[in-house]
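Visitor: I have a structure open and would like to talk it through. Could we begin with the aromatic residues?

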Amino acid sequence: MTQPIELWYWPTPNGWKISIALEEMGLPYEMKPVNIGAGEQFDAAFLAISPNGRMPAIVDPDGPDGQPLSIFESGAILQYLGVKSGQFYPQDPRGKAEVDQWLFWQVGGLGPMAGQTHHFRQYAPAIVRHQRHIAYGVRRYTDETHRLYGVMDRRLADRDYLAGDYSIADMAAWPWVLPQLQGQDLAEFPNLKAWMDRVGARPAVIAGRALGDEMRRNLASSGKAAETARKVLFGQRAR
C-alpha cells in the first residue's frame, strides 16, 4: 500500500468496529472525523462516500483493481478488510459461513437492538416530557438486549470466540456490549464477561477503542449543544 485507508469515523460502537479491525490487521489508515452531532454526516462530500449518511465509511486508495474504492456499512467494511488483509476472516466455505452468520447477527440484531436501548434509556428522557410515554420502549429494548446477551453467553460456553477463532465477528460485537448503559449485569452472563475481558485485553482493541475518544460528547446531558445534537441525530426524515 502506498497510501493509508481513509477511515471516516466518529467514536461510537459502529465506528469502533472499524478502528479495532484496522488496528488488528495492521493496515495503515488515516482518521477523518465525521461529527455526527454537528450533522457532518449529511455533507455532500460524505454522502458521496456513504449514501445512507451514516458513519463509518472507508476509502481505500488501493482498491482491488488498483483504483480507489469507497465502502459504507460496517459489516461490508469488515468483510472487505478481512479479505484485503487475509486476516480474521477465513476463506474456506465452512469457516467463512461461521463468521458471516455471527457478523450479520451483530449487524441485524445486537447493534440495532442495543442502539434502541441506548436511545430509550439515555436520550429519550431528555426529549420526551412525560416519562410514561417511553416506559414501554425502555422495557422492550432492555429485555431484548438481555436476550441477546444470553445468546452470546450460551454460544461462548464452549469456545473462546463467537466463530471459534478470533475474527471480525468478535470485532463487530464487542463494542456493542455496554452493560451499564444498557441496564444489564454481566454477572448473569459469565461466559460473555470472560469474552469481554479476553477481547478487551488485546492491544489492538485497546488502541482502536481509544481512537478519537477525546471527541466524544454526552448527548444525554442538558444544555443547548446537546439539545441541538439530539435534533440532528434523531429528527431526520427523507428529504
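**Aromatic rings and beyond**

Guide: Ring pairs link Phe88, Tyr161 and Tyr166 into a cluster. Rings of Phe, Tyr and Trp (its six-membered ring) pair if their centres lie within 6.5 Å; planes under 30 degrees apart count as stacked, over 60 as edge-to-face and the rest as tilted. This is a predicted model: local features need pLDDT of at least 70, side-chain atom pairs count only at pLDDT 80 or more, and totals for chains, interfaces and linings use all residues. Residues are numbered from 1 along each chain as its sequence is written, and side-chain values use heavy atoms, with hydrogens and water left out.

Visitor: How many aromatic pairs are there by this rule?

Guide: The count comes to seven aromatic pairs. Trp8 and Phe46 form one that is tilted, at 6.0 Å centre to centre with 40 degrees between the planes. This pair links distant parts of the chain, 38 residues apart, with Trp8 in strand β1 and Phe46 in helix α2 (residues 44-47). Helices (H or I, at least four residues) and strands (E, at least two) are DSSP runs, numbered from the N terminus.

Visitor: Are Trp8 and Phe46 buried or exposed?

Guide: Both Trp8 and Phe46 are buried. Buried means under 20% relative accessible area, exposed over 50%, and partly exposed in between (1.4 Å probe, protein chains only).

Visitor: Which charged end sits over the ring of Trp16?

Guide: That of Arg209, 3.7 Å from the ring centre. Arg202 lies over the face of Tyr166, at 3.8 Å from the ring centre. A charge sits over a ring if NZ of Lys or CZ of Arg is within 6 Å of the ring centre and within 35 degrees of the ring normal.

Visitor: Changing topic, what about helix α3, and which of its residues are buried?

Guide: In α3, the buried residues are Ser74, Gly75, Ile77, Leu78, Tyr80, Leu81 and Gly82. What covers them includes β1 (5-9), α1 (13-25), β3 (57-60), β4 (69-72), α4 (93-127) and α6 (168-173). Just after α3, Gly86 takes a positive phi of about 70 degrees.

Visitor: Which residues other than glycine have a positive phi?

Guide: Among them are Glu73, at about 80 degrees, and Phe88, near 65 degrees. Glu73 is found in the loop between β4 and α3, and Phe88 in the loop between α3 and α4. Most residues other than glycine have a negative phi, and most peptide bonds are trans.

Visitor: Where is there a cis peptide bond?

Guide: A cis peptide bond joins Met55 and Pro56, with omega about 10 degrees. Pro56 is found in the loop between α2 and β3.

Visitor: Why does Asp100 count as buried?

Guide: Asp100 counts as buried because its relative accessibility is 13%. Asp100 lies in helix α4. Not counting residues up to four places away in sequence, Asp100 touches Gln79 and Tyr89; contact means heavy atoms within 4.5 Å.

Visitor: And what do the buried residues of α5 pack against?

Guide: They pack against α4 and α7 (190-200). The buried residues of α5 include Tyr141, Glu144, Leu148 and Met152.
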